[in-house]
Amino acid sequence: MATEQSMRTPATAPGDTRIHNIGYRSYDGPRLGRSYARLSLYSQSLRGSYGLGRSVKSKVLPMLLFVVMCVPAAIMVAVAVATKAKELPLDYTRYAIVMQAVISLYVASQAPQSVSRDLRFKTVPLYFSRPIETADYVRAKFAALASALFILTAAPLLVLYIGALLAKLDFTDQTKGFAQGLVSVALLSLLFAGIGLVIASVTPRRGFGIAAVIAVMTISYGAVSTLQAIAEVQSSGDTAITWIGLFSPITLIDGVQSAFLGASSAFPGGVGPGNAEGVVYVLFALGLIAASYGLLMRRYKKVGL
């Protein structure tokens, strides 16, 4: 009798789980494709370069460096307006060269943030599952860091330009200088972004990436400046000083803008490359940018396997 009663018990007693077979339903909504995914990755990476959408702690350093970049420009503007100066204390093309330490520190802090965490937590293969491909990931990360650097370096130039117009300096001269400064920092942003990302992509450890980027930027500039100073003391001629400048990112930018953008050179003796040497500088800078992109492509093709 007990067995018969248990067999007659309803199959769905109160509290039991029911499974409803509703079948497989495919997604009928819009498929936005690779371009939307690439744009989203670019936007997220760019916002992350300034800590937007992240914790307050992540915002401190990039925002602080942004303020440090802009404060000297604001002070120069205030001095120019107060003293009714006929020209700005510093040329537009010279500003990034003077503030190179801040720019290098920004690259060192944000390049690993952009790529090292993806390597550490092994999320890169998830990006490449579909629809994003290796080229989309590399282009988005490269463009995001270059854009962040351009914002960092162009913002103080804009402050200088607005201040110059408020001080009633010559509009044509200031506009020309501002445009030359933008061209210079655009090339600098591409070059520094490429170098920073290549170095940061080697290690999943963010701390190691920061140290490596700082070391490359600092040591290369220090070595080039020392060799240029030695060449000047030994009277080796301007040619040696010029060609040594190819081997540091910041002196490379200095050479390009002194050759074609009418900037004064920071090389020993104040003598920068001429037009002929300047062509080599431009080709060398573009070659480094292309090489950085190629190395990133090779690196992430291996990671995404």
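How are H7 and H8 oriented, roughly parallel or roughly antiparallel to each other? H7 and H8 are roughly antiparallel (an angle over 145 degrees; under 35 is roughly parallel, 65 to 115 roughly perpendicular, and the rest oblique).

## About the model

This is a predicted model, in which local features need pLDDT of at least 70 and side-chain atom pairs count only at pLDDT 80 or more, while totals for chains, interfaces and linings use all residues. Residues are numbered from 1 along each chain as its sequence is written, and side-chain values use heavy atoms, with hydrogens and water left out.

## H7 and H8

Helix H7 covers residues 134-166. Its axis comes within 8 Å of the axis of H8, and the two cross at roughly 155°. Axes here are lines fitted to C-alpha atoms, for helices over the stretch in contact, and angles run from 0 to 180 degrees between N-to-C directions. Helices themselves are DSSP runs (H or I, at least four residues), numbered from the N terminus.

H7 passes H8 in a right-handed crossing. The contact of H7 with H8 has 21 nonpolar, six polar and one charged residues. Nonpolar covers Ala, Val, Leu, Ile, Met, Phe, Trp, Tyr, Cys and Pro; charged covers Asp, Glu, Lys and Arg; the others, Gly among them, are polar.

## H9 and its partners

Helix H5 (residues 100-120) packs with helix H9 (residues 206-233) at about 150°. Their axes are 8 Å apart. That makes H5 roughly antiparallel to H9. The crossing of H5 past H9 is right-handed. Residues of H5 that meet H9 include Leu-105, Val-107, Ala-108 and Pro-112. On the H9 side, Ile-210, Val-213 and Met-217 are among them. Contact means heavy atoms within 4.5 Å. By class, the contact of H5 with H9 holds nine nonpolar, six polar and one charged residues.

H9 also packs with helix H11 (residues 249-260). Here the angle is about 60° and the axes are 7 Å apart. That makes H9 oblique to H11. Met-217, Ser-220, Tyr-221 and Val-224 in H9 meet Pro-249, Ile-250 and Thr-251 in H11. Five of the contact residues are nonpolar, two are polar and none is charged.

## The largest pocket

The largest pocket holds about 310 Å³ of space. A pocket is an open set of points on a 1 Å grid over the protein atoms alone, where a 1.4 Å probe fits, with protein on both sides within 12 Å along at least five of seven lines; lining residues have an atom within 4 Å of a point. Its volume is the space filled by probe spheres set on the points, which are joined across faces, edges and corners.

The lining has 17 residues, and Asp-91, Tyr-92, Asp-173, Gln-174 and Gly-177 lie nearest the centre. H8 gives the most, with five residues. Six lining residues are nonpolar, five polar and six charged.

## The second largest pocket

The second largest pocket has a volume of about 250 Å³. Of its 15 lining residues, Gln-44, Arg-54, Gln-113, Arg-117 and Lys-141 lie nearest its centre. Helix H2 (33-48) and H5 each supply at least two residues of this lining. The classes are three nonpolar, seven polar and five charged.

Definitions and conventions
Left-handed = near helix turned anticlockwise from the far one by under 90°.
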